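Please look over the sequence and the structure shown below before reading on.

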Amino acid sequence: MNGLRAVVVCLVLACAAAVSPAAAGAPPAAVRPGWSDVPVPAASPPVTAADIAARGPREAWATAYEQAADGLRPSLYRWDGTAWSRDSSFPGAGEPGWLREMQFVGDEMWALHNRAGEGEIVRRSAEGKWSTVPLPQTLWTYQDFTAVPGAAWVVGEDSTGLKVLHYDGSRWTEQSTPQGVLYLMGITARTADDVWAWASTTTGTTVLRWDGTAWRDAKVPLPKNGNVHTILLEPSGRATLGGGQYTDGVSRTYLMTWNGQAWRTTYPPLGDTYTEGMVRGPDGALWLPLRSDRAFQSKYARVDGARTTFSYGPERTNAIAVKPRALARVGSSLLSFGTVEIYGSKPNLMSERRGG
């Protein structure tokens, strides 16, 4: 009797395996795709990766600058959903300078461009036509840039101090900041009358907010001795602030989330990670590139509420430093852009993709 029962059980299991989706070749639902290498056309090393922005699964752009004999040269790369290619058709492509912060404004791609020492915004339309918006004056430093439909801001310094330059679609004006603000370290916008900036002031780090009329202290309750690396604004009204808090000479990363009514502060196990490259992934979690503890692999963190997990990029032969600089959501994928240094050579560009 026991032998017959064993035969029946085996037949049942065999039938179940025969109709199982896994047995038919479909991957189990719990399996998640990892990071894979996406080749980037080489530049002249050493190269500095700057930024990445995406408009959908088939269009992303990344900026960088390479070292030439007479100084820096800007470089621009386009992702078409399958591969990266280099674009040298933008104005000033062959001139000294750099490309840095970039984003999509409607269907256009906008990027901050230092062109032979002069500042400008370079724009590419959905039809592929290039145009430029020169800045009204030359700055000593161009700290950051942000743009939305109908408005753009460039912040930096000149010989007279802090400058906040505002473009309304037709002309530039200079905006004033609250008393005690010494320097704007970064700026980001959700709309033309909802803009956030983080500043160094006479009393420490402060978050400012533009409401369409004036810049004011946003009264964000930053941790004691904390600084700000980035603010991630989302169409829903949610805001996520990332920074570092110094205690007894040691820095630890913190995140603050605004739900429309109050700020909530958390300390994920991220060490002293610089959070500027943080994005909201297609899975709804926050993703950040990290300083890797493996010389031959990149490292990323996924923060979903109270849970933080880590993943590594593909192994790179003879690599001594793999550094993803920025992340972008590309449809159902994540795309990173950064540099890799192979033993015996100088850093060059690399990109990695997760999902898709």
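In which loop is the place of Pro 46? Pro 46 sits in the loop between β1 (35-38) and β2. The peptide bond that leads from Pro 45 to Pro 46 is cis, with omega near 0 degrees.

**Basis of the report**

This is a predicted model, in which local features need pLDDT of at least 70 and side-chain atom pairs count only at pLDDT 80 or more, while totals for chains, interfaces and linings use all residues. Residues are numbered from 1 along each chain as its sequence is written, and side-chain values use heavy atoms, with hydrogens and water left out.

**Overall form**

Along the principal axes, its C-alpha atoms fill a box of roughly 95 × 45 × 40 Å. Of its 356 residues, 49% count as buried. Here buried means under 20% relative accessible area, exposed over 50%, and partly exposed in between, with a 1.4 Å probe and protein chains only. When contacts between residues at least 6 apart in sequence are considered, 41% join residues at least 24 apart, a contact being heavy atoms within 4.5 Å.

**Backbone features**

Most residues other than glycine have a negative phi, and most peptide bonds are trans. Ala 116, which is not a glycine, has a positive phi of about 55 degrees, and it lies in the loop between β7 (108-115) and β8 (118-124). Asn 318 also has a positive phi, near 65 degrees, and belongs to the loop between β25 (307-312) and β26. Asn 318 counts as exposed because its relative accessibility is 54%.

**Pockets**

Rolling a probe the size of a water molecule over the atoms shows where empty space is left. On a 1 Å grid over the protein atoms alone, a pocket is an open set of points where a 1.4 Å probe fits, with protein on both sides within 12 Å along at least five of seven lines; lining residues have an atom within 4 Å of a point. Grid points are joined across faces, edges and corners, and a volume is the space filled by probe spheres set on the points. In the table, Ala, Val, Leu, Ile, Met, Phe, Trp, Tyr, Cys and Pro count as nonpolar, Asp, Glu, Lys and Arg as charged, and the others, Gly among them, as polar.

| Pocket | Volume | Lining by class |
|---|---|---|
| Largest pocket | about 1500 Å³ | 27 nonpolar, nine polar and ten charged residues |
| Second largest pocket | about 500 Å³ | eleven nonpolar, four polar and seven charged residues |

The largest pocket has a volume of about 1500 Å³. Of the 46 residues that line the largest pocket, Met 102, Gln 103, Thr 188, Ile 231 and Leu 232 are the closest to its centre. Elements that give two or more residues to this lining include β2 (47-56), β6, β10 (141-148) and β14 (181-191).

The second largest pocket has a volume of about 500 Å³. It is lined by 22 residues, of which Pro 289, Leu 290, Arg 291, Lys 323 and Pro 324 are the closest to its centre. Two or more residues of the lining come from each of β23 (286-290) and β26, and β26 gives the most, with six residues.

**Gln 103**

Gln 103 is part of strand β6 (residues 97-105). With a relative accessibility of 17%, Gln 103 counts as buried. A polar atom of its side chain lies 2.6 Å from the backbone oxygen of Ala 147. Beyond its neighbours within four places in sequence, Gln 103 is in contact with residues including Ala 53, Trp 110, Phe 145 and Ala 147.

**Aromatic pairs**

Rings of Phe, Tyr and Trp (its six-membered ring) pair if their centres lie within 6.5 Å; planes under 30 degrees apart count as stacked, over 60 as edge-to-face and the rest as tilted. The count by this rule is 13 aromatic pairs. The rings of Trp 196 and Trp 263 form an edge-to-face pair, because their centres are 6.1 Å apart and their planes stand at 80 degrees. Trp 196 lies in strand β15 (residues 194-201) and Trp 263 in strand β21 (residues 263-266), so the pair ties together parts that are 67 residues apart in sequence. Both Trp 196 and Trp 263 are buried.

Key: Helix = DSSP H or I, 4+ residues; strand = E, 2+ residues; numbered from the N terminus. Polar contact = N/O pair within 3.5 Å; in protein donor to acceptor, adjacent residues only side chain to side chain.
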